[in-house]
Each structure stands twice: as C-alpha cells, then as structure tokens.
Amino acid sequence: MGSCGIFITSGFKGAKEVKNEPAIVAVLRNWRKHICNAEGAFVIWGHVYDDTMNRFYDGQFIHTARVERVEGDLVYTMNNVYRLEGEAAGPEYVSGNKVA
C-alpha cells in the first residue's frame, strides 16, 4: 500500500473533471471494503469500469490504494478518485477475516 496523500487533479490524462468536482478515474462495481490493519486503514476491492487512464480492462477485479476518505459514493486514494456504483457486494473483511 502507498503512503497517505492529498488528491491532486493535475496529471490525470483523460480523467473526467467537472469544475469544482474531482476527476473520477474509474467506476467500481461489485465492490467490498477490506480493512487492512488494526488502525482501520482500508482498500476497496471491486470490478473496475470506464478507467480513464487505460490501466485496466472493463470488469477487471482490482483493489484501490489505501483509501484516504469517502464522500458519498466517491472514494479518494492518494492519487485517484473512484466512484462506487451500487451497494457493497458483501460484508467488510478485516485482515482476511469476515466481519459480521
């Protein structure tokens, strides 16, 4: 996992950006939160679509970098913003253990 940081909109070729709104780099569907450590750091696993940076093919199963914050359906990592589509596909996981 990467280190913490602040979202910067510059340098994202092809990213969708609306004035005063973040540049969303991709949509995650069938997503799930995975808590990585006792401090509560987490990533999101899911199927990625509409990757504006052409890193992944539609439907590829990925995980984000460590999530810095979540605002509504937007997930902010150190360098990217993803939009979550739909509800979580299942319960949260903590270090490989399912959370009830």
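**Asparagine 54.** I began with asparagine 54 in this predicted model, and I noted that asparagine 54 counts as exposed, because its relative accessibility is 68% and the cut-off for exposed is over 50%. I placed asparagine 54 in the loop between β2 and β3, the latter covering residues 60-63. I then looked up the backbone and found a positive phi of about 55°, although asparagine 54 is not a glycine.

**Asparagine 30.** I turned to asparagine 30, another residue other than glycine with a positive phi, here near 50°. I found asparagine 30 in strand β1, and at 48% relative accessibility I recorded it as partly exposed.

**The chain as a whole.** I counted zero helices and eight strands in the protein chain, so that I read the pattern along the sequence as β-β-β-β-β-β-β-β. I noted that 30% of the 100 residues count as buried, and that the accessible surface comes to about 6,200 Å², with 51% of it belonging to carbon and sulfur atoms. When I took the contacts between residues at least 6 apart in sequence, I found that 47% of them join residues at least 24 apart.

**The β4 and β5 hairpin.** I followed strand β4 (residues 67-71) into its pairing with β5, which is antiparallel and runs over four bridges. Within this pairing I noted tyrosine 76 of β5 as the bridge partner of arginine 69. Two residues lie between the strands of the hairpin, and I found that glycine 72 takes a positive phi near 65° there.

**Threonine 77.** Is threonine 77 buried or exposed? I recorded threonine 77 as buried, because its relative accessible area is 2% and the cut-off for buried is under 20%. I placed threonine 77 in strand β5, residues 74-77, and, leaving aside residues up to four places away in sequence, I listed its contacts as Thr64, Ala65, Arg66, Val67, Glu68 and Tyr82.

**The largest nonpolar core.** Which members of the largest nonpolar core touch the most other members? Of its 13 residues, I found these to be Leu28, Ile44, Val75, Tyr82 and Leu84. I noted that β1 (24-35), β2 (42-49) and β6 (81-85) each supply at least two residues of this core, and that β1 gives the most, with five residues. I then looked up leucine 28 in more detail and, not counting residues up to four places away in sequence, I found that its contacts include Ile44, Val48, Ile62, Tyr82 and Leu84, as well as Gly46, His47, Thr64, Arg83 and Glu85.

How values were computed: Residues are numbered from 1 along each chain as its sequence is written. This is a predicted model: local features need pLDDT of at least 70, side-chain atom pairs count only at pLDDT 80 or more; totals for chains, interfaces and linings use all residues. Side-chain values use heavy atoms; hydrogens and water are left out. Buried means under 20% relative accessible area, exposed over 50%, partly exposed in between (1.4 Å probe, protein chains only). Contact means heavy atoms within 4.5 Å. Accessible areas come from the Shrake-Rupley method with a 1.4 Å probe; for residues, only the protein chains shown count as cover. Two strands pair if DSSP finds at least two bridges between them. A nonpolar core is a set of buried Ala, Val, Leu, Ile, Met, Phe, Trp, Tyr and Cys residues joined through side-chain atoms within 4.5 Å.
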